[in-house]
Amino acid sequence: LFARPWEFITSVKEMHQLPVLDGIEIAFAGRSNVGKSSLINKLTGKKALARTSNTPGRTQMLNFFGAEHSMLKIVDMPGYGYAEAPKGMVDAWTSLIFDYLRGRSTLRRVFSLIDSRHGIKKNDLDAMAILDKSAVPYQVVLTKADKLKPGQLQRMKEETLKVLAKRPAAHPEVIATSSEKGLGMDDLRAEIAQLVSY
Ligand code: GTP
Ligand code: MG
């Protein structure tokens with residue numbers, strides 16, 4: 001799956017521009033700057049597939065990526081929370097994110113990215129509440145694990161699992177990743193391969 005070349009398909013700014021329902025989609029969601037676009041690049045082995053930046057608010061549309069002869073599409077989302085962009089724009093993409101997450105029959109799993117230094121925040125819980133309510137399965141992926149010592153990372157994993165324990169649509173496992181060091185990529189690829197195989 002990830003040995004194939006991944007390509008950009010389309011960018012969507014409004015719900016009516018979404019591609020026709022076909023195959024399956026997985027989406028990468030999370031606060032601005034958490035590392036969504038970087039993780040997609042690392043996963044697909046294509047450095048500049050999704051645009052990344054130090055500035056929160058880089059990704060401003062739903063960006064769809066696909067590989068030839070694959071039914072899977074990967075969706076890079078704008079972040080929620082603080083972003084360096086005009087308020088009108090941030091409000092527009094925030095509604096787009098939540099509308100997409102609420103109702104998309106092709107959406108098989110949302111990877112909910114959490115900065116491993118900061119843990120789950122209020123707006124992450126808001127997003128999870130929407131997914132729980134809409135019965136959209138999601139799995140937490142801790143990002144930037146290279147910034148933590150092994151003991152700190154282990155504690156963050158345990159703390160995160162505790163928060164997830166009572167959430168109905170949450171996957172019971174958490175994957176720690178680093179796009180910088182490649183940590184966790186095999187686990188994440190294995191999860192995705194499993195989603196595609198049924
Ligand atoms: P928005 O599109 O603005 O919501 O951000 P995003 O979630 O797509 O984050 P992006 O991938 O653009 O990365 C944000 C910043 O974090 C960049 O400066 C990345 O280089 C950095 N970053 C991403 N992943 C990692 C990681 O695993 N380790 C470290 N140390 N830095 C990372
Ligand atoms: Mg981005």
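Modeller: A helix is here a DSSP run of H or I with at least four residues, and helices are numbered from the N terminus; the model itself is predicted.

Biologist: In which helix is Val-90 found?

Modeller: Val-90 touches Ala-83 and Ala-85, leaving aside residues up to four places away in sequence. Val-90 itself belongs to the run of residues 87–102, which is helix 2.

Biologist: Is Val-90 buried or exposed?

Modeller: A residue counts as buried if 20 or more other C-beta atoms lie within 10 Å of its own. Because Val-90 has 20 other C-beta atoms within 10 Å, it is classed as buried.

Biologist: Which residue in strand 4 is the bridge partner of Glu-25?

Modeller: Strand 2 (residues 24–30) pairs with strand 4 in the parallel sense, over five bridges, while strand 3 (residues 62–67) pairs with strand 4 in the antiparallel sense, over four. Gly-66 has Lys-73 as its bridge partner in strand 4. For Glu-25, the bridge partner in strand 4 is likewise Lys-73.

Biologist: How many of the five residues of strand 4 are buried?

Modeller: Strand 4 spans residues 72–76 and is largely enclosed by the rest of the structure. That description holds because, of its five residues, the number buried is four.

Biologist: Which helix gives the largest share of the shell around ligand 1?

Modeller: The ligand is surrounded by 24 residues, with Gly-35, Ser-37, Ser-38, Thr-59 and Gly-79 the closest, and by class the shell has three nonpolar, 15 polar and six charged residues. The largest share, three residues, comes from the run of residues 36–44, helix 1.

Key: Residues numbered from 1 in each chain as written. Chains lettered and ligands numbered in written order. Predicted model: local features only at pLDDT ≥ 70, side-chain atom pairs only at ≥ 80, totals over all residues. Near = placed C-beta within 6 Å. Helix = DSSP H or I, 4+ residues; strand = E, 2+ residues; numbered from the N terminus. Nonpolar A, V, L, I, M, F, W, Y, C, P; charged D, E, K, R; others polar. Buried ≥ 20, exposed ≤ 12 C-beta atoms within 10 Å, placed from the backbone. Pairing = 2+ DSSP bridges. Contact = placed C-beta atoms within 7 Å.
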